[in-house]
Amino acid sequence: MSIARSASSLQLARETRERFVLATEGAIVPLARAIRDRLTQLASEVSNARAMQEHRDDFVAFQGQATQWVTLSQTSWRKALGAAAPTGGLTTFPTALRLELIGDEVVETNILASRLAQVIHDKASFELSDLRLRIQHLEGTNELDSKDVLKPETLARLLVEQWLAAGLSRELWARVQDTVQQQLIDVIVKAYESANAYLIANGVMQEIDLKSFVRRTGNAAGAGNSAGFNTSFAGGVASATAPMMDGGGGGGGGGSQQRPGYGTQAPQHSHQSQPQASVPMSAGTSTIGGSPLMMARQRAQTALLSLKRFVTGRIGSDTTTTVPAQNSITGTAPAGRATGGGTPGTGGNTAPRQFSRTFAGAIAEAEVAYRMAATQYMDASGEQATVIQQTAVDLRRRSTELKKRAPTTADKATVEIVALMFQAILAEERIPFSARVWFARLQMPVLRVAIAEPEFFGTLQHPARMLIDRMGSCVMGFDAAAITGSALEGEIRRVVQVIEQYPETGQRVFKLVFDEFVAFLNRYLTQSDTTQRVMSVAQQVEQKETMAIQYTIELRKMLNDMPVRDEIREFLFKVWAEVLAIAALRYGAQGEQTVMLKRVASELVWAASAKPNRTDRARVIQDLPQLLQRLRQGMALLGIVDEPQEAHIKTIGATLSDAFLSKTEAIPQAKIEAMAERLAHLEDFVSDIGGTADLPLDAHSIELLLGVDAASIEVVPDAAGVQVAEDMLAWAHELQVGNWFMLDHNDRVSQVQFVWRSDRKQLHLFATADGRSFLIQAGRLATYLQAGLLVPAEEETLTVRATREALAKLDANPERLLN
């Protein structure tokens with residue numbers, strides 16, 4: 001309830017907000033300058049052509065719209081003061097049950113803003129907490145308004161919205177967000193400090209009783225942070241047979257004695273739908289038989305199917321037929337519910353199920369109350385085991401209360417199964433404590449999604465499952481000391497808080513933050529100097545070898561109908577194509593050195609052709625020293641020196657001598673000129689052969705070709721002549737960055753994390769905790785998977801294992817499903 005406050009108290013609160021807005025408004029112009037400086041720096045850096053063009057486009061775009069963005073932001077920030085007026089009472093939960101549609105653009109904008117808001121929260125948490133308490137004390141409320149200017153979310157959202165309003169892109173904001181954060185943090189923290197000092201100087205709560213605060217906010221569990229809840233779930237739901245994404249996972253229990261641990265890494269093909277739990281699978285029906293990847297999928301799907309059958313047996317519904325609307329787990333349509341098309345597993349388009357508004361409110365209340373309790377647990381100084389126990393007991397109690405309020409048996413079953421799954425996750429000691437407490441906060445958001453979107457229980461590719469599995473697979477490889485306080489822990493915290501902030505978006509918010517988490521992993525796992533160096537070397541090797549193969553193909557086409565000696569053909573195909581690739585990599589495809597070496601190829605072809613007339617022979621003799629010098633220069637670039645180089649020069653010299661005596665037809669000058677022209681623009685004709693390239697790789701070639709020390713890299717190249725099964729190669733290509741494996745290489749077993757894959761999926765980089773790196777070629781990686789020399793550190797994904805444990809408890813005590 002609200003408490004009447006004097007006009008002077010309300011005026012003091014308003015003056016505090018005005019001072020805060022004035023202090024932070026002054027940071028917008030310097031922020032624009034900092035962004036411009038950053039974009040100017042990027043635009044001046046030398047990089048590949050695409051990146052340089054992108055940086056120039058960014059600079060031009062911001063240069064043209066910066067003034068408008070600054071003006072819009074300052075104006076809107078001053079106007080935001082009007083939305084901060086106290087309402088005179090606590091926001092009650094029913095107001096949060098408005099039905100409304102939320103577009104993808106809005107969600108994406110909110111998530112961009114949430115990153116900035118979270119950084120501000122992290123840096124200014126104590127000052128912000130004190131200021132919030134003082135303002136609430138002045139105004140007699142239990143929570144600040146959702147649009148209050150004192151909330152970090154308000155300024156962050158405003159800056160992003162005005163950025164878009166000025167015509168700038170979300171992608172550009174994402175590229176400069178680090179600069180935005182660095183520029184704003186100190187200003188905003190100082191503004192909070194100044195606001196607190198101003199209130200203290202005016203006698204407002206000079207000492208804050210935190211214990212009193214905890215008790216008071218606990219009583220407000222039904223309100224704060226619930227204003228955004230909406231029962232429409234209007235974003236739409238992907239069908240249970242949606243394309244599989246990099247991040248799903250197969251099962252992998254005790255089904256395979258030969259290949260332990262295949263479960264977490266079954267490949268996910270973006271171009272095909274996978275069998276769902278409503279379609280029983282058997283090894284005999286697989287197109288690739290009993291391969292480990294298919295067995296992994298089958299084991300995981302069997303776990304989901306077993307759960308579905310158990311629940312169907314208890315509730316008595318047929319889940320395999322199409323019904324008008326979907327209920328929790330069973331897919332049935334209870335009377336009075338909104339209808340939607342399709343059933344999980346049938347491949348039809350499904351709509352989120354509209355469930356009881358009263359029950360939706362109960363879930364939201366439980367979520368807010370647990371969030372507050374969890375904060376107290378985290379702030380407590382007790383043992384980690386005690387905190388986990390408190391968390392588990394608290395969640396179990398709230399789940400029991402929700403089951404009592406559930407309107408249908410299906411809803412009761414959903415509450416119980418989700419609760420059991422999260423009990424299993426909380427009990428997973430391989431997840432560091434600091435990560436487990438954030439996983440626990442996902443129980444209520446997942447419950448809401450599971451009730452509205454029954455396919456959560458029928459497919460491994462539901463975004464909520466994929467997110468939990470991906471985060472779990474990463475953190476289970478670290479010890480607690482490595483996780484606590486790390487950027488990885490911070491990202492998990494941010495992900496959970498974003499999901500809590502936008503519960504009404506259903507699986508869309510899980511999908512968005514899943515994509516962001518994957519992008520974060522790609523940056524986080526490769527941020528060390530050593531890894532960056534290895535990646536750079538590996539990418540260059542792959543690029544060089546791919547270009548060499550492409551250049552060879554083009555040279556063969558050019559010489560196909562020319563009378564060229566075999567010795568010259570072999571030299572051009574096996575040596576000079578490599579020279580051109582290295583030159584293009586080092587100097588650029590149109591660099592002066594590269595262009596010169598391309599010209600050498602056509603000059604050599606002409607010089608080695610028949611010379612029936614004296615003028616041509618005189619020209620060859622005159623140009624020969626320079627031609628041989630350039631040939632030596634090219635071979636030196638490739639690392640061919642001393643005796644090997646002399647052998648090539650001797651062969652070429654003998655061929656040129658024979659050309660003087662040859663009676664064969666001379667190559668017309670027009671053909672030579674056409675070849676030279678095509679060589680000059682060779683890149684316009686080559687095709688992208690992608691992952692089909694036969695990429696030779698070893699430590700010596702890395703050192704020789706690129707001039708770097710490969711001592712820190714354990715290179716594991718493809719084995720010559722070894723045939724690789726297509727399904728195993730597909731599996732190798734779909735391993736998920738961030739996951740941990742046990743690698744048995746040269747009779748030494750190491751725990752490694754998969755940190756990077758090259759653009760063409762030819763090279764894969766694994767790193768150990770002690771800094772060693774393994775650069776493994778795709779074919780060898782596939783054979784290691786097949787032989788069991790590379791196995792996932794975890795046999796099953798986190799949610800599949802949790803599903804198995806939940807089912808085991810239900811099998812032992814079936815009555816608990818509905819009681």
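**Hairpin and pocket**

I began with the hairpin of strand 4 and strand 5, where four residues lie between the strands and Gly 771 takes a positive phi near 95°. I note that this is a predicted model, in which local features need pLDDT of at least 70 and side-chain atom pairs count only at pLDDT 80 or more, while totals for chains, interfaces and linings use all residues. Residues are numbered from 1 along each chain as its sequence is written, and side-chain values use heavy atoms, with hydrogens and water left out.

I took strands as DSSP runs of E with at least two residues and helices as runs of H or I with at least four, numbered from the N terminus, and I called two strands paired if DSSP finds at least two bridges between them. Strand 4 (residues 763–768) pairs with strand 5 in the antiparallel sense over five bridges, and Ala 767 stands opposite Ser 773. On strand 1 (residues 713–716), which runs parallel to strand 5 and is joined to it by four bridges, I found Val 715 opposite Leu 775.

Which way do the residues of strand 5 point? Ser 773, Leu 775 and Gln 777 point one way, Phe 774 and Ile 776 the other, and all are buried (under 20% relative accessible area with a 1.4 Å probe, protein chains only).

I then turned to the lining of the second largest pocket, and recorded that helix 18 gives the largest share, seven residues.

Technical notes: Buried < 20%, exposed > 50% of the residue type's maximum accessible area, 1.4 Å probe, protein only.
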